[in-house]
Amino acid sequence: MFFVMSSGRGGSQTIASALDGYGNCECPHHREPELIGEATKYYYGEYPGEGIAAILQKTRPKDEQNIIYGDVNLQYSLIVPVIQKVFPDAQYVWLLRDGRDVVA
């Protein structure tokens, strides 16, 4: 399993589409639930990591024999410690984009 993180307008939708196009990879952009409120509250110490861990365990599939699962979500950068506990073998991709390209 892998997680892709980035800021807004950083190419997350493009990479999700590209990776999802491979036959053995499932990689949606912002899989439900998106965890927007939960991740933000967790970041500010207002939501328990155990609550997010339970959501991730229920809603994020684990790799199967012939399928690699990925997930692209801008909120994941706020909850990396929780993701590491739930999926200790997960890989991470951090997209960086020069903001000047977006402005231009």
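Guide: Gladly! Strands here are DSSP runs of at least two residues, numbered from the N terminus. Please keep in mind that this is a predicted model.

Visitor: Which residue stands opposite valine 4?

Guide: The general idea is that strands of a sheet pair through backbone hydrogen bonds, either parallel or antiparallel. In this structure, valine 4 faces valine 72 in S3. S1 and S3 run parallel and are joined by 3 bridges.

Visitor: In what order do the 4 strands of the sheet come?

Guide: The order is S2-S3-S1-S4, in an open sheet with parallel pairing. S2 (25-26) and S4 are the edge strands with a single partner strand each, so one side of each has no neighbour in the sheet.

Visitor: Now the rings. How many aromatic pairs does a search of the whole structure find?

Guide: A pair of aromatic rings is described by the distance of the centres and the angle of the planes. The search finds 4 pairs here. One of them joins phenylalanine 3 and tyrosine 76: the centres are 5.2 Å apart and the planes at 90°, so this pair is edge-to-face. Both residues are buried.

Visitor: And what is the geometry of phenylalanine 3 with tyrosine 92?

Guide: Those centres lie 6.1 Å apart with the planes at 25°, so the pair is stacked. Phenylalanine 3 is in strand S1 and tyrosine 92 in strand S4 (residues 91-94), so the contact ties together parts 89 residues apart in sequence.

Visitor: Is tyrosine 92 buried or partly exposed?

Guide: Tyrosine 92 is partly exposed, at 32% relative accessible area, while phenylalanine 3 is buried at 0%. Phe3, Tyr76, Phe87 and Tyr92 make up one aromatic cluster.

Definitions and conventions: Residues are numbered from 1 along each chain as its sequence is written. This is a predicted model: local features need pLDDT of at least 70, side-chain atom pairs count only at pLDDT 80 or more; totals for chains, interfaces and linings use all residues. Side-chain values use heavy atoms; hydrogens and water are left out. Rings of Phe, Tyr and Trp (its six-membered ring) pair if their centres lie within 6.5 Å; planes under 30 degrees apart count as stacked, over 60 as edge-to-face and the rest as tilted. Buried means under 20% relative accessible area, exposed over 50%, partly exposed in between (1.4 Å probe, protein chains only). Two strands pair if DSSP finds at least two bridges between them.
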